[in-house]
Amino acid sequence: MKGAELKTVSRQKIGSEVSSQECYVRVRKRDLERLTTEVMQLREFLPRVLNGDLIEMLHKARAAESTKARIEQEQEQLRQDCQHLRSRLDAAQSECQREREEKLVLREQLWEGREQLQQQAEFCTALGAAACTLLWSASSREEAVKDILTDGKVDAFLTVAGQTLESFVKSLGEEETKAEQQDLCSNESRFVLALAGTITNIAAVTCGRDFLSTSAHVLLDTLTQLLEIMKPGVCPKLKVLMLMALYNVSINVKGLQYISESPGLVPLICSLLQDADPEVCLHALRLLQSLLLEQGVLARLAPELMDALPLARIRQLSASGHGALRQAARETLEDLDAAGAVQDGQRPLQGCSPRHGGEEPWRSRTA
């Protein structure tokens, strides 16, 4: 009885000790010694093997963490920039769409403006053509020309007329020239022809010639220059009117003196004589005759005339079927023969006398 109680007390004591010290593992002494040996070896050799690599790995880990933090920060900044750019893109697209709509509206307004401008230009051209045609018709009367000169606005008119003629001639291209020749009744053509015709009629009156010879040198230079740049066969009616104006001015002594001093006058006449239009050739010959009939001018231009004039062409024109052209060419040949005799000193100039205003000026009529 006492032994059993003792065993029970011992078991309870052992159980309490086990529970108080948690648990125990029973290991063989040999295994424990071996384990202790291995632990001591690990303690001795492990730091030698792993210490450098571990430190390097720690540094790499820290650097990686820093890099990761920096990349995350950069990514966050990029996200913010991307959002900002996306906002700006949306705003720019909205602005672009708004500007595109405004551009379409402005383009439509521009088309409307161009159409209105074209209509206004056509109206102004038609109005100018009608007004200048009326002026051209009225200027065929000497009293009307005198009224125009006494009005005091003739300077402005001649300036505008010269600029308009210059702009018209310089704007002529080959295709436009063809169209112009085919449509001589267009408002623009009528406008330009009326201006040239009015100038011709002003020069057909004595007081008009005096005015142009003394106060319109710019206009006379413009007419000469435009005739130089106009190609053969281009706007023959306009050429004729300008040649008529120059011839009318040449009836005046001062006018002839000024015109004859132009360095390109003789080459111009030679070029115009090659034109296919008989009227152009006729009035070129008339202008040449005006030079030949003035002794002072002839004496100065004779060498150049003798060298440059196309005598074969003038002889060809003397056989033309155009009566006035044929007569003018024959008279010109006679004058050239006389001029050549004077230059050679054989006999005095026949039929030539100082200019006294007896030549008949040309008056143009509306087309």
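Which helix gives the most to the lining of the second largest cavity? First, some ground rules. This is a predicted model, where local features need pLDDT of at least 70, side-chain atom pairs count only at pLDDT 80 or more, and totals for chains, interfaces and linings use all residues. Residues are numbered from 1 along each chain as its sequence is written, and side-chain values use heavy atoms, with hydrogens and water left out.

The protein has 15 helices and 0 strands. Both kinds of element are DSSP runs numbered from the N terminus: helices are H or I with at least four residues, strands are E with at least two. Of the 367 residues, 33% count as buried. Buried here means under 20% relative accessible area, exposed means over 50%, and partly exposed is in between, using a 1.4 Å probe and protein chains only. Among the contacts with a separation of 6 or more, 75% join residues 24 or more positions apart; a contact means heavy atoms within 4.5 Å.

Start with helix H6, residues 187–203, and helix H7, residues 206–215. Their axes come within 6 Å and cross at roughly 105°. An axis is a line fitted to C-alpha atoms, for helices over the stretch in contact, and angles run from 0 to 180 degrees between N-to-C directions. H6 and H7 are therefore roughly perpendicular to each other, a label for angles of 65 to 115 degrees, while under 35 is roughly parallel, over 145 roughly antiparallel and the rest oblique. Where they meet, H6 brings Ile199, Ile202 and Ala203, and H7 brings Gly208, Arg209 and Leu212. By class, that contact has 4 nonpolar, 1 polar and 1 charged residues. For these classes, Ala, Val, Leu, Ile, Met, Phe, Trp, Tyr, Cys and Pro are nonpolar, Asp, Glu, Lys and Arg are charged, and the others, Gly among them, are polar.

Elsewhere in H6 you'll find Glu188, which counts as partly exposed because its relative accessibility is 43%. Setting aside neighbours within four places in sequence, Glu188 is in contact with Thr125 and Phe168. Thr125 is 63 residues away from Glu188 in sequence, yet the C-alpha atoms are 6.2 Å apart in space.

Now stay with H7 for a moment. Gly208, Arg209, Phe211, Leu212 and Ser213 in H7 are buried. What covers them includes helix H3 (142–151), helix H4 (154–170), H6, H8, helix H9 (236–250) and H10.

Step into the loop between H7 and H8, and there sits Ala216. With a relative accessible area of 6%, Ala216 is buried. Leaving out neighbours within four places in sequence, Ala216 touches Leu158 and Phe211. Leu158 and Ala216 are 58 residues apart in sequence and 7.7 Å apart from C-alpha to C-alpha.

That brings us to the cavities. The structure holds 2 of them with a volume of 30 Å³ or more. On a 1 Å grid over the protein atoms alone, a cavity is a set of points where a 1.4 Å probe fits but cannot get out, and lining residues have an atom within 4 Å of a point. Grid points are joined across faces, edges and corners, and a volume is the space filled by probe spheres set on the points. The second largest cavity has a volume of about 40 Å³. Its lining is made of Leu220, Asp221, Thr224, Tyr258, Ile259 and Ser262, or by class 3 nonpolar, 2 polar and 1 charged. Helix H8 (217–229) and helix H10 (253–260) each supply at least two residues of that lining. And the opening question? H8 gives the most, with 3 residues.

Past H8, in the loop between H8 and H9, comes Cys235. This residue has a positive phi of about 45° although it is not a glycine, and at 6% relative accessibility Cys235 counts as buried.

One last stop is Arg300, in helix H13, residues 295–308. At 38% relative accessibility, Arg300 counts as partly exposed. Not counting residues up to four places away in sequence, Arg300 touches Gln257, Ser260 and Glu261. Ser260 and Arg300 are 40 residues apart in sequence and 9.2 Å apart in space, C-alpha to C-alpha.

Key
On a 1 Å grid over the protein atoms alone, a cavity is a set of points where a 1.4 Å probe fits but cannot get out, and a pocket is an open set with protein on both sides within 12 Å along at least five of seven lines; lining residues have an atom within 4 Å of a point.
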